[in-house]
Amino acid sequence: MIWATRVSLGSSSVERGDGSLSYARGVAVSSDNRIWVADQNKARLQVYNMEGVYLYQFPRGAPGLGYPSKEPRDVSIDRDGHLWVLMSGYPACPDSLVQFGRDGHLKANFDLPGTVPGQSYKGMAVDLRNNRILVTWSDGMKGGMQAFNPDGKLLWSDVGRAWMKAPKYVAVDREGNSFVSDYGTHSIYKYDESGRYVSTFGGPGRSGGRLNRPRGICVDSQSSHIVVVDSRNQRVVVYTSQGAYVRHIALRIAHPRGVAVGQRGELVVANKNTIFVFARY
């Protein structure tokens with residue numbers, strides 16, 4: 001099957017065969033308003049503009065990200081504009097974090113420690129305030145989060161909260177607080193910059209601030225709002241940084257996953273094979 005990429009802007013849409021996706025997992029938007037998508041099955045990053053034009057695969061001219069036995073699960077951008085990619089090596093080899101410059105040159109890479117269950121790393125985000133990388137993990141029964149320096153040093157590890165079952169994605173605000181979407185408990189967990197638990201919001205439900213299988217999560221740098229993909233309810237839910245419900249946006253998109261906010265307030269949502277861009281949210 002040939003997958004098409006669709007970018008929706010209000011009531012119009014553009015269908016493209018170029019830059020087709022095969023299991024998009026994570027999405028990020030850079031300072032020049034380009035959309036970066038971690039395409040798991042094609043083992044590369046795909047790059048688009050906000051109008052839906054496919055620009056190139058990253059790194060340019062390369063068959064992939066340089067790890068033929070590993071698949072990209074998530075992508076984030078650090079304060080210097082470098083790209084960090086979470087690469088899954090399960091079951092043959094360890095998972096890794098890889099840093100690339102925008103020119104495609106490898107800048108750093110390290111394997112994640114074997115201190116959590118196999119096939120467990122799910123999502124990652126760069127903490128711009130503290131210059132560290134946060135990675136969630138889950139074995140399906142419990143889960144947690146780890147923090148690393150760019151050189152791979154493990155800073156702290158939450159070895160599994162009793163109430164967290166299947167954390168998926170993570171986002172970090174400008175104060176260094178992290179927000180984890182837990183698919184298993186239908187909730188968002190907030191931690192401070194040292195990894196200490198702060199609060200929980202969301203909870204199971206179908207309306208208002210309630211969630212049904214949350215996945216992608218991001219922080220709007222302009223408003224500091226927390227933006228969450230409410231996958232089973234096919235919508236995006238917006239909260240304050242304190243977890244108060246603000247509003248929601250109906251998507252009517254099957255299996256939405258990753259989410260990001262553009263530099264001009266665009267809402268970018270990815271499902272397995274399509275990128276949707278809403279001019280505002």
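Let me start with a pair of strands: β11, residues 121-127, and β12, residues 132-138, run antiparallel and are joined by five bridges. Keep in mind that this is a predicted model. One of the pairings is between D127 and R132, the latter in β12. The two strands make a hairpin, with four residues between them. In that turn, N131 has a positive phi of about 55°. As for β11 itself, seven of its seven residues are buried.

Next, a tryptophan. W156 belongs to strand β14, residues 154-161. Is W156 buried or exposed? Its relative accessible area is 16%, and the cut-off for buried is under 20%, so W156 counts as buried. F278, by contrast, lies 37 Å from W156, C-alpha to C-alpha, and 122 residues away in sequence.

In soluble globular proteins, nonpolar side chains tend to be buried together. Here the largest nonpolar core has 16 residues, and W36, L45, F58, L65, V75, L83 and V85 are those with the most contacts inside it. Strands β4, β5, β6, β7, β8 and β9 each supply at least two residues of this core. Which strand gives the most? That is β8, with three residues. V85 touches L45, L65 and V75, and also F100, among others. There is also a second, separate core of 15 residues, including I249, V259, V261 and Y281.

Conventions. Residues are numbered from 1 along each chain as its sequence is written. This is a predicted model: local features need pLDDT of at least 70, side-chain atom pairs count only at pLDDT 80 or more; totals for chains, interfaces and linings use all residues. Side-chain values use heavy atoms; hydrogens and water are left out. Buried means under 20% relative accessible area, exposed over 50%, partly exposed in between (1.4 Å probe, protein chains only). Two strands pair if DSSP finds at least two bridges between them. A nonpolar core is a set of buried Ala, Val, Leu, Ile, Met, Phe, Trp, Tyr and Cys residues joined through side-chain atoms within 4.5 Å. Contact means heavy atoms within 4.5 Å. Lists of a residue's contacts leave out its neighbours within four places in sequence.
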